[in-house]
Amino acid sequence: MKLYTSPRAPNPRRVMMFMAEKVITDIALVTVDINAQAHKADAFRAINPLTTVPVLELNDGRVLSESRAICTWLEGQFPDVNLMGVDANERAFIEMADRRAEWYLLVPIAQVIRHTHPGLAPLEQPQFPDYGHAQTVKVRDYAERFDSLLQRQTWMAGDRFTIADITAFCALEFARLMKFSPKAEGFDALQAWRDRVAARPSAVAI
Ligand SMILES: N[C@@H](CCC(=O)N[C@@H](CS)C(=O)NCC(=O)O)C(=O)O
């Protein structure tokens, strides 16, 4: 198996952190330099026509190219250290938390950075800085709601660490590029949660 990944990019990081939590070490890592547009080359297009990372190539040649789908597959193959729920009841609530982290943190953060950061210009053409700055308001608004949630519970999906914490953490790490800090915003519960996640060994997996 091969995981096509790219250092510092938030979606590959989600999968790398998920693998680190499960201590999966026997998947070969192939670095794709998206800043150098390696993902737009014919060789990579043949693997993933959507030209995004991460991509997991299975031993039978099939390819998974959505972070959550990759994690679902890994969860099935490496069930120890459950991160996605032990039954349909828990899976539904963890999926809800994970999709909220993705849609209300990672996506708006990515939109801000992709449309305002010069370093992302090679990937986002044309950039619309006004649109990007407008998304900053949404990031703050959603972050405040996550802060409220974390005043009532320890982890994104409730009382244990799950994939939802990985998605939200990778989103907030990426948000450093837009100089967003929960602490500076006064979101103390979100900051304390972020620090809890950052203390895990998997948090260094990029
Ligand atoms: N929905 C996809 C999103 C993948 C994605 O957008 N990956 C980014 C890196 S974080 C990428 O490959 N960007 C390349 C580009 O924008 O050209 C997933 O969850 O895997």
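How many helices and strands does the secondary structure of the protein come to? Hi everyone, let's start there. This is a predicted model, and its secondary structure comes to eight helices and four strands. If you follow the sequence along, the pattern reads β-α-β-α-β-β-α-α-α-α-α-α.

Now the overall dimensions. The C-alpha trace spans about 45 × 45 × 25 Å along its principal axes. For 206 residues, a compact globule would have a radius of gyration near 17 Å, and the protein agrees, with 17 Å. Of those 206 residues, 47% count as buried.

Let me zoom in on one helix pair. Helix α6, residues 163-174, packs against helix α8, residues 188-198, at an angle of about 105°, and their axes are 10 Å apart. The two are therefore roughly perpendicular to each other. On the α6 side, the residues involved are D165, A168, F169, L172 and E173, and they meet L190, W193, R194, V197 and A198 of α8. By type, that contact divides into seven nonpolar residues, three charged and no polar ones.

One last stop, in a loop. E124 lies between α4 (88-116) and α5 (129-152). Is E124 buried or exposed? E124 is buried, because its relative accessible area is 17%, and the cut-off for buried is under 20%. As for its partners, leaving out residues up to four places away in sequence, E124 touches R114 and H115. With R114 there is a side-chain to side-chain polar contact of 2.5 Å.

Notes. Residues numbered from 1 in each chain as written. Predicted model: local features only at pLDDT ≥ 70, side-chain atom pairs only at ≥ 80, totals over all residues. Heavy atoms only, no water. Axes fitted to C-alpha atoms, helices over the stretch in contact; angles between N-to-C directions. Parallel < 35°, antiparallel > 145°, perpendicular 65-115°, else oblique. Contact = heavy atoms within 4.5 Å. Nonpolar A, V, L, I, M, F, W, Y, C, P; charged D, E, K, R; others polar. Buried < 20%, exposed > 50% of the residue type's maximum accessible area, 1.4 Å probe, protein only. Polar contact = N/O pair within 3.5 Å; in protein donor to acceptor, adjacent residues only side chain to side chain. Rg over C-alpha atoms; globule rule 2.2 N^0.38 Å.
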